[in-house]
Amino acid sequence: MKHLNLFPVLLLLMQQANAQSPAPQPTSYWMLSAGFGMLFPPNPGSPLTTSFQYTSTSVTSGATTPQTFTGKTGAFLSPAVAGDMIDATHVFNHNSINLGIGYIADISGTGLNAYIKAGYGYIFRFGRLQVQPSVDFYTMMDGPVNLGTIDNSGVNLSLLGHSAHAQFYSTSFDSNTFLSEAYTYNADNLEIDYYRISFLAEPKLALGTILWRSMYIGVEGGWLLQIAQAGRFDLRQNGGGTSNVAGKVYLSDHGSLGGPGVGIKIGYCFGGSLSKKKKH
């Protein structure tokens with residue numbers, strides 16, 4: 001697999017920027033940015049397979065039937081596509097703090113999942129070049145991954161220490177009366193969904209520049225370290241156009257998004273104050 005080398009692109013932009021007439025650089029400003037990157041976790045996790053027994057009891061005859069459910073996730077991907085959808089950064093002097101949301105595609109068949117991030121960095125300036133060591137903290141949310149469904153119409157289910165009855169209750173808020181009302185729904189099926197939430201820290205180094213006093217472009221690379229992980233199955237009843245979580249089953253860690261990552265960022269700077277030119 002070929003890896004994109006973004007550093008020559010940045011150096012070319014730096015040369016073009018330095019060829020322009022010199023301008024003072026902002027030292028206190030806000031920046032809104034977006035980015036694109038790739039993650040290369042060495043142990044993203046193998047496809048998760050689950051198989052368990054459950055009982056199905058008819059509400060009319062009372063007959064109980066033992067059953068077996070088997071489900072499997074798609075492949076956990078490496079490399080995985082990830083990037084910031086929007087990242088808000090405040091720079092003051094040499095300090096940088098940021099908060100943002102982003103996307104990640106790391107499980108086959110689920111499309112894009114989301115993450116939130118926050119971080120701190122320190123900026124070293126060398127003319128137009130900015131060198132920024134920093135650390136970002138991520139909460140990455142995978143799922144739901146649907147593992148399959150179980151017939152819940154006219155039967156009560158008993159599975160994984162939980163019960164899913166043939167009818168369930170759901171409350172809704174009435175904006176006219178300002179009251180909550182409870183409704184009874186007939187269940188159609190019970191959906192088994194997998195979720196994985198990963199908490200990670202990423203020490204990284206970014207190289208960037210500000211062009212035309214407002215446009216930031218930079219490249220960055222780092223290493224994600226998994227701090228903790230929380231995985232679970234949601235037992236979700238569907239029926240009558242609504243749903244109800246009949247139970248949650250918590251799981252041990254499965255794979256990790258920890259590993260190297262690279263990316264490119266483009267942003268717009270505004271509300272800034274400029275550094276003073278040195279007197280000769």
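Biologist: On what basis are the values computed?

Modeller: The model is predicted, so local features need pLDDT of at least 70 and side-chain atom pairs count only at pLDDT 80 or more, while totals for chains, interfaces and linings use all residues. Residues are numbered from 1 along each chain as its sequence is written, and side-chain values use heavy atoms, with hydrogens and water left out.

Biologist: How many salt bridges does the structure hold?

Modeller: A salt bridge is a side-chain nitrogen of Lys or Arg within 4 Å of a carboxyl oxygen of Asp or Glu. The structure holds 11 of them.

Biologist: Which residue forms a salt bridge with arginine 196?

Modeller: The partner is aspartate 106, with the closest N and O atoms 3.1 Å apart. Arginine 196 belongs to strand β13 (residues 189-211) and aspartate 106 to strand β5 (residues 95-107), so the pair ties together parts 90 residues apart in sequence. Strands (E, at least two residues) are DSSP runs, numbered from the N terminus.

Biologist: Is arginine 196 buried or exposed?

Modeller: Buried means under 20% relative accessible area, exposed over 50%, and partly exposed in between (1.4 Å probe, protein chains only). Arginine 196 is buried at 0%, and aspartate 106 is buried at 1%.

Biologist: What is the distance between the closest N and O atoms of aspartate 136 and lysine 204?

Modeller: In this salt bridge they are 2.7 Å apart. Aspartate 136 lies in strand β8 (residues 129-151) and lysine 204 in strand β13, so the pair links parts 68 residues apart in sequence. Aspartate 136 is buried at 2% relative accessibility, and lysine 204 is buried at 9%. Through shared partners, salt bridges join Asp84, Asp87, Lys117, Asp136, Lys204, Glu220 and Lys265 into one network.

Note on methods:
Helices (H or I, at least four residues) and strands (E, at least two) are DSSP runs, numbered from the N terminus.
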